Amino acid sequence: MEIKDIKKLQNGSDVRGVALEGIPGEAVNFTQDMAMKIAFAFATWLEQKLGKTLLTFAVGRDSRLSGPHIAQAVALGLVSRGHQVYQCGISTTPAMFMTTLDPVIEADGAVMVTASHLPFNRNGLKFFTRDGGLNKEDITAILTLAETVETSFTPGGQARDYDFLPSYSQNILNIIRAKTGSEQPLAGARIVVDAGNGAGGFFASQVLKPLGADTTGSQYLEPDGHFPNHVPNPEDAVAIAHITKAVLDNQADLGIIFDTDVDRAAIIDEKGNAINRNGFIAFIASMLLSDYPGSTIVTDSITSTGLTAFIESHGGHHHRFKRGYKNVINEAIRLNNEGIETHLAMETSGHGAIKENYFLDDGAYLVTMALIKFAQLFKAGQPISSFLAGLKEPVEAKEIRLKIMTGEFKAYGENVLTEFAAFAASQPGWTVVDPNYEGVRVSCDEAAGNGWCLLRMSLHDPIMPLNIESDTVGGCAVIETVLRDFLHKFEALV
């Protein structure tokens, strides 16, 4: 039986769709039948890729309401091909990759059932092999196969329940203890965790407490797919307000917040200031540059000029690339393959991957690195806030999302960018940044707004995001005024 429209579920290197009713205007377009066929196709694709017929898979999920049913459907699709499946229950996206390296499971492939920070009615799939996460072209091939493949039953398949998070947590403990030389390097410290009712609640009990931390004040640790307290997103202002309040109310030395599936994170210093976006990249980059002097740091396109100065002051090289965490990771891998030493690929969204951790998009590993540095500072009597004293943050920052109201939105957007590049080059005090890998980035001198702007196309949607930053109060308005004069002539751009 064919199931049409499966290919429409592709979202870059992930699969995402509406799995539950509940939001007006959003009809279900991702069903259990679809999940089963996609898993069946994934198994078929991986058999061909590896030249093997008997494979082992791991399946995990976050706390979404539709998670148990979708995960069961995925397991059914894999078992139907005659394969062994470890059903890991509540888990994290990074943990699912680690099952491919685990000496017990030794998974050939893994599937994580998650839609990251999206609303409760959504769900999706992320796929891994021992080479890492699948790329966009791999997902296209699997979904194309899923629309037409005839499912069948091959005897010998088996599914078993297996809680993998304790093994995953033990690996984190081993890393921190080895790096700090202490069994309980966090003894005497108070650290609060906000898991947003996603899958990250384990971190308080299985990582922080064994390391000696007092986790009093940690919140929203219980998985709850209604996400009743806030959106589990380290970029979201309400989410940050919640963890900030918890840090201040409990006089904590550090706060940690995860997204739903723990591939993103942010930390909060003892003053209640969020170390996220440019700050979190700077934090991780400074540690890696200490270990690997001269390394290149790859980020997405909207990072600040202050971050560039910070990385360069620590002896590194800043390489801005396209938005999209897989784009950033693949660029770092490409640079390494060309002989350019690159140890960090990280987006302002909190997605970050490190060479020594298989370039895995892993929020828990980033927090692991932060805890190692925190332990060193805490032992020396220094607060975590002291670590980023050299990072210059913009005085003002603004993002405007312009909708393209025409069917041929990609061609329209590319025309806007072409004309904008010519316009920007003619403006007094403006310099078009080169090299630049996404959209058109402009540096504005002090008289022209003392900052920068970037106009680009969204990766998937008919939207042109416009980012503006300035090191002067009122500078964003100066830059925006010039931009508005240019943009008003494009009638389909609203």
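The lining of the largest cavity in this predicted model comprises four nonpolar, four polar and three charged residues. The residues concerned are Pro234, Glu235, Ala265, Asn276, Arg277, Phe280, Met346, Glu347, Thr348, Ser349 and Gly350. The volume of this cavity is about 40 Å³, and the count of cavities of 30 Å³ or more comes to one.

Met346, one of the lining residues, is also in contact with Ile284. Ile284 belongs to the largest nonpolar core, where it is listed with Phe203, Ile256, Phe283 and Leu371 as touching the most other members. Helix H11, residues 363-379, supplies the largest share of this core, namely 11 residues.

| Core | Residues in core | Members include |
|---|---|---|
| Largest nonpolar core | 69 residues | Phe203, Ile256, Phe283, Ile284, Leu371 |

The chain as a whole contains 13 helices and 21 strands. Of its 494 residues, 57% are buried. Among contacts between residues at least 6 apart in sequence, 69% join residues at least 24 apart. Along the principal axes, the C-alpha atoms fill a box of roughly 75 × 60 × 50 Å. The radius of gyration of the chain is 23 Å, which agrees with a compact globule, because a globule of 494 residues would have a value near 23 Å.

Note on methods: Residues are numbered from 1 along each chain as its sequence is written. This is a predicted model: local features need pLDDT of at least 70, side-chain atom pairs count only at pLDDT 80 or more; totals for chains, interfaces and linings use all residues. Side-chain values use heavy atoms; hydrogens and water are left out. A nonpolar core is a set of buried Ala, Val, Leu, Ile, Met, Phe, Trp, Tyr and Cys residues joined through side-chain atoms within 4.5 Å. Buried means under 20% relative accessible area, exposed over 50%, partly exposed in between (1.4 Å probe, protein chains only). Helices (H or I, at least four residues) and strands (E, at least two) are DSSP runs, numbered from the N terminus. Contact means heavy atoms within 4.5 Å. On a 1 Å grid over the protein atoms alone, a cavity is a set of points where a 1.4 Å probe fits but cannot get out, and a pocket is an open set with protein on both sides within 12 Å along at least five of seven lines; lining residues have an atom within 4 Å of a point. Grid points are joined across faces, edges and corners, and a volume is the space filled by probe spheres set on the points. Ala, Val, Leu, Ile, Met, Phe, Trp, Tyr, Cys and Pro count as nonpolar, Asp, Glu, Lys and Arg as charged, and the others, Gly among them, as polar. The radius of gyration is taken over C-alpha atoms; the globule rule is 2.2 Å times the number of residues to the power 0.38. Lists of a residue's contacts leave out its neighbours within four places in sequence.
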